[in-house]
Amino acid sequence: MQTVWIKRSAPTAEAVLVWALGWAGSDELVRHRAVPEGCDLLCLFDYRTLPDAAETERLTALLAPYRKRYLAAWSFGVWAAATLFGRTALRWDAATAIGGTPRPVDDTYGIPMRAFAVTVRSIGSSGTGKFLERMCGTQEVLRAYYRHRSTRPLEEIYAELVSLQRQAAGTGDPEPAPGFWTQAVVGGQDAIFPPENMERYWRAAGVPVVLRPAMPHYPFCDSELSDLLIPRG
């Protein structure tokens, strides 16, 4: 896993927002997004491997001194964040899952296993073009994605996808502690994670669901997203 501080002014900053991005993501996806004054911004991505226990302890030690902590996890980042932080002593003032579940490859609660296998084969043979069209939903959102896209090479992100298939498929729920997630955002136009599967998981888990009917899998064009991640007041 890669960790990139986009903004870091600790120990003067009182708050931190941690973005756990999805497959093929990088800090380039969120560098343009504003954060409140006095809030640092850390980005996590590239899940070819996840940190071991010692690395996770060092990461949580960096986050623990902040008075306010916010977690935003997108797509496969929901699984990664639950795996990393779900059973640590670290507590979040808000932890928002967007367009994903802790069971990312699952016929009932995530991407159906056959669809995921087809995606792996398709990207291995033809690249990411078709996937990006489905992820963004419209040409307008696709153009917005390309303005802030990840520039990681295809070979690297394909290796990450194959690794995620091995790590996440069939492993079950990472079982974060009760109350870990404070809300889940589900896009009604998500063509990657079926919205009905996401709603089914989060309602069974007792996590409040925010349904965004027009949101595709790519969430960063939603004008209200920032307000959802860091509650006012």
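Me: Which residues does Gly86 touch, not counting residues up to four places away in sequence?

Reply: Start with a caution: this is a predicted model. In it, Gly86 touches Ala81, Pro176, Ala177 and Phe180.

Me: Where does Gly86 lie?

Reply: Gly86 is in the loop between helix 2 and strand 5.

Me: Is Gly86 buried or exposed?

Reply: Look at the relative accessible area. Buried means under 20%. Gly86 has 1%, so it is buried.

Me: How many residues along the chain separate Gly86 and Pro174?

Reply: They are 88 residues apart along the chain. Yet their C-alpha atoms are separated by 7.5 Å.

Me: Now strands. What is the general idea for side chains in a strand?

Reply: In a regular strand, side chains alternate between the two faces of the sheet. Now take strand 4, residues 68-74. Six of its seven residues are buried, so the rest of the structure largely encloses this strand.

Me: Which strands pair with strand 4?

Reply: Strand 2, residues 15-20, pairs with strand 4 in the parallel sense, over six bridges. Strand 5 also runs parallel to strand 4, and five bridges join them.

Me: What unit do strand 4, helix 2 and strand 5 make?

Reply: Together they make a β-α-β unit, and it is right-handed.

Me: On to helices. Which residues of helix 7 are buried?

Reply: Helix 7 covers residues 195-204. Its buried residues are Pro195, Asn197, Met198, Tyr201 and Trp202. Seen down the helix axis, they fall within an arc of 160 degrees, so they line one face of helix 7.

Me: What does the face turned away from the buried side carry?

Reply: That face of helix 7 carries the exposed residues Arg203 and Ala204.

Me: What do the buried residues of helix 7 pack against?

Reply: They pack against helix 2 (76-85), strand 5 (94-98), strand 6 (183-187) and strand 7 (209-212).

Me: What comes just after helix 7?

Reply: Gly206 does, with a positive phi of about 75 degrees.

Me: Last topic: rings. How is a pair of aromatic rings described?

Reply: Use the distance of the centres and the angle of the planes. This structure holds 14 aromatic pairs. Take Phe85 and Trp92: their ring centres are 5.3 Å apart and their planes are at 65 degrees, so the pair is edge-to-face. Phe85 counts as buried, at 0% relative accessibility. Trp92 counts as buried too, at 11%.

Me: What are the distance and angle for Trp181 and Trp202?

Reply: Centre to centre, the distance is 5.9 Å, with 75 degrees between the planes. This pair is edge-to-face. It links distant parts of the chain, 21 residues apart. Trp181 is in the loop between helix 6 (154-168) and strand 6, while Trp202 is in helix 7. Both Trp181 and Trp202 are buried.

Me: Which residues do ring pairs link into a cluster?

Reply: The cluster holds Trp19, Trp74, Tyr145, Tyr146, Tyr218 and Phe220.

Me: What sits over the ring of Trp5?

Reply: The charged end of Arg8 does, 4.5 Å from the ring centre.

Definitions and conventions. Residues are numbered from 1 along each chain as its sequence is written. This is a predicted model: local features need pLDDT of at least 70, side-chain atom pairs count only at pLDDT 80 or more; totals for chains, interfaces and linings use all residues. Side-chain values use heavy atoms; hydrogens and water are left out. Buried means under 20% relative accessible area, exposed over 50%, partly exposed in between (1.4 Å probe, protein chains only). Helices (H or I, at least four residues) and strands (E, at least two) are DSSP runs, numbered from the N terminus. The arc is that of the directions from the helix axis to the C-beta atoms. Contact means heavy atoms within 4.5 Å. Two strands pair if DSSP finds at least two bridges between them. A crossover is right-handed if, with the strands pointing away from the viewer, the path from the first strand over the helix to the second runs clockwise. Rings of Phe, Tyr and Trp (its six-membered ring) pair if their centres lie within 6.5 Å; planes under 30 degrees apart count as stacked, over 60 as edge-to-face and the rest as tilted. A charge sits over a ring if NZ of Lys or CZ of Arg is within 6 Å of the ring centre and within 35 degrees of the ring normal.
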